[in-house]
Amino acid sequence: MRTCALLQVLVTVFGLFLVICDAFPSNEVYALNTFKEAIYEDPLLVLSNWNALDSDPCDWARIFCSLAQDHVIKINISGASLKGFLSPNLHLLSSLQELILHGNVLIGTIPKEIGLLKKLKFLDLGANQLTGPIPPELGNLSNIMKINLQSNGLTGKLPAELGNLKYLEELRVDRNKLQGIVPANNGSDFTSGVHGMYSSGASPTGFCRSSQLKVADFSFNFLIGSIPKCLVYLPKSSFQGNCLQHKDPKQRSAALCGGTSPPTYHASTVSSNKHRPVEEPKHQASSKPTWLLALEVVTGVMVGSLFIVALVTGLQKFKNKSSIIPWKKSGSEKDHMTIYVDTGMLKDVVKYSRQELEVACEDFSNIIGSSPDSVVYKGTMKGGPEIAVISLCVKEEHWTAYLELYFQKEVAELARINHENAGKLIGYCRESSPFTRMLVFEYASNGTLYEHLHYGEGCQLSWTRRMKIVIGIAKGLTYFHSELDPPFTISELNSNSVYLTEDFSPKLVDFESWKSIISRSEKNSGAISCEGAICVLPNSLESRHLDVQGNIYAFGVLLLEIISGRPPYCKDKGCLVDWAKEFLEVPEVLSYVVDPELKHFKEEDLKVICEVINLCIHPSTSRRTSMKDLCAILESNIDTSITAELKASSLAWAELALSS
C-alpha cells in the first residue's frame, strides 16, 4: 500500500512538473489579448480565432512561436485593414523578434514601451495612420536591423538615439511630417545636419554612428538643414520632398515649408537688422518737395482711371465669350499673342479649389506615390469619399497654352469613363495662384496590386481572388477598347496602375497620363492653330494617343505577374516574359510559373491563363486577339464562384473567412 501511495505521489508531482514546463507564459497571452482589445475594427476577421480563454496562442492567426512553442517570436499582420491603437503591453512579448503591422489603419502614437523589446530585429509599422513623435526609446532596440515607419502622420524631430542602433541596416521614415534636422554630427556645437560639415577629432553622433546603415529614406517630410556628409552615399531620392538646403534633390516650395525655415535664414535676418537704417527713410519721405507729391497724385489718378476702363472693357468681352478665357502667353518675340482657351468642355466636371484639396489631403503631406512628372496624394473630402489627388510637377513658367489645351482635353477624356473596374475621375483643380493643375480620382482603399503581389501576405491573394482580379482587369480593358467611342487606353498598364478596393475588386487608373500630355505638347506645339480668338487642336491631335496593341501585350505580362508573383523584371531572372517562355511552351511544366506563396491552384484555370498570355504576347500584333475576345475566353472558362473555391482546396473555408 505504501509503495502504491508513493507511486501516486510521484506521478502527481511529475504531472505537475510537465504542466508547469509546458505552460505558455501568461504575460505573453495577456499582451496579445490587450493588443486585440485595442483593435476596434477587424474587417477581414484576422483576429477571429484569438481566444482570450486559450492559454496557448501558437495556433492563433498570424502568430509565430519558437520551436519549443514557449514564446511568441513573430507577429505578422500586414494588409489586414485593422483599425485601432497599438497596445503598450506588447513589450511583455520579451522574445519577440519581428513585429510587422504594415498597411493597416492603426491610429494614435507609437508606444515608447516598444523600446523594451531587446530581441526585436524587424519593426514594420509603415502605411498606417500613426501620429505623434517617434519615441527616442526606440534607440534601445539593441538588436534591431530594420525599422519601417513610412507613410504615417508622425511629427516632431528624428530622435538622435536611432544612431545608437549598431545593427540597423534599413530605416524608412519617409512620407510623414517630421521636422528639424537629420541628426548626424560629430558632437560639436555645429551639426552636420545644418552645415554639412564636421571637424576631425570628435566622435560622431546620430546617424553618423550607424556603420551598418545601407538603406535609409527620409523623403517627403519637412526636414531642414543639409544632407549630412556621412549619409551622402544614400541616393538623392532619399532626401527629396523636404525643406533642405540642397539643390539636387527635389525639395518642397518655400510656401509649403512654412515655419520650417532652416536656421541660416534667421541668421541672415539678424545680420541684416544690424545695419538697417531705421530713421533715414522717414526723413527722406518728409523732405519730398510739394510739386513731386502733386505729380505722384495726378499720375496715380490717371493710372487708376485707365485700369478701370480696361477692366470694364474686359468684362464686356468676357460676357460675349461666356466659356472662353484668355491664356496669357510668355513675353518672347515669337509668342506675343494672347491665346484663348475654351473651358466649355469641362462644364460638366466638378472643379475643386486648391484649398479644399489641401485640407482633404492634410496639407498635401499624405503622399502615396510619386514620379518625376507627378505626385499622388491621399485625402478625404469633408463628409464625402476618400480621394486620390494627382498633381502635375510643372512650373508655371514652363506651362504653355498648348499644355493647357492638352490638360483640359485629358480631363474631359477621363471624365467620360464610367465602369466598375475603372478608377472614376470625380473632379479637377485648376488655379493660378499658386499655380496648380490636379486631377481628383476616387480612392481604392487596398492600395495597388503591385504592393500586394510583392510586399503583401501571400494568403491575401488566393488563386480564386487572383482570378477575380484578372477577369476584372479584362472587363475594364474591354470597356476601354470596345465600349467607349472613341476608345481609351492606359498609358502604362502594369500592376501599379491597378488599384484594389476593400473587397479586392480591381480599378484601372491612368496616373501616367501626364507623361503623354507633356510629350504630345512638346512634339506638336507648332501644330496648334487659332481661329479667331479660340485656339483649337488640329484633327490629328484631338484624340489621346491610342496604343491598343500595347495594352494587350501589357495585359499578358500582367497576367504572368499575377500568377507567378514575380515582378516584370528582376536582376536574377531578367525579363519575366523571357523567363516564362520555356514553361509556357511545354504544358507539362506550366505549374513552374505559379507563385510558390499559393497554397493551391486550379490546373484548368492555369491552362486558360497561359493560353491567353500566349495570345497577348505574340510577336505579330496582327495575331493578337482583341480584349473583347480575351475577356470572353477568361469569363467562360474560369469559375470564380464560392462552390468552385470550396472544391479546390481544404483551406478554402479559411480563405473565405479572410475575404468576407
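Close-up 1. Pro486 lies in the loop that runs between helix α11 (463–483) and strand β22 (498–500), where helices (H or I, at least four residues) and strands (E, at least two) are DSSP runs, numbered from the N terminus. The peptide bond that joins Asp485 to Pro486 is cis, with omega at about 0°. Most residues other than glycine have a negative phi, and most peptide bonds are trans. Residues are numbered from 1 along each chain as its sequence is written, and because this is a predicted model, local features need pLDDT of at least 70 and side-chain atom pairs count only at pLDDT 80 or more, while totals for chains, interfaces and linings use all residues. Side-chain values use heavy atoms, with hydrogens and water left out.

Close-up 2. Ser433 and Pro434 are joined by a cis peptide bond, for which omega is about -5°.

Close-up 3. Leu45, a residue other than glycine, has a positive phi near 55°, and it is found in the loop between β1 (39–41) and β2 (63–65). With a relative accessibility of 42%, Leu45 counts as partly exposed; here buried means under 20% relative accessible area, exposed means over 50%, and partly exposed is in between (1.4 Å probe, protein chains only). Phe220 likewise is a residue other than glycine with a positive phi, near 55°, and its place is the loop between β14 (215–217) and α4 (254–257). Phe220 counts as buried, because its relative accessibility is 9%.

**Close-up 4. The disulfide of Cys58 and Cys65.** A disulfide, meaning a pair of cysteine sulfur atoms within 2.5 Å, joins Cys58 to Cys65, with an S to S distance of 2.2 Å. The torsion about the S-S bond of Cys58 and Cys65 is about -105°, and the disulfide is therefore left-handed. Cys58 and Cys65 are both buried. By the distance rule, the count for the model comes to 2 disulfides.

**Close-up 5. The disulfide of Cys208 and Cys230.** The sulfur atoms of Cys208 and Cys230 are 2.2 Å apart and form a disulfide, and with -85° about the S-S bond this link is left-handed. The pair links distant parts of the chain, 22 residues apart, with Cys208 in the loop between β13 (205–206) and β14, and Cys230 in the loop between β14 and α4. Cys208 and Cys230 are both buried.

**Close-up 6. Cys393 and Cys616.** Cys393 has a relative accessibility of 40%, and therefore counts as partly exposed. Cys616, by contrast, has a relative accessibility of 0% and so counts as buried.

**Close-up 7. An open sheet of 3 strands.** The strands of this open sheet follow the order β1-β4-β6, with mixed pairing, and two strands pair if DSSP finds at least two bridges between them. Strands β1 and β6 (105–106) are the edge strands, each of which pairs on one side only. Strand β4 (residues 83–84) is joined to β6 by 2 bridges, and these two strands run parallel. Within β6, Val105 is the bridge partner of Lys83. Strands of a sheet pair through backbone hydrogen bonds, either parallel or antiparallel.
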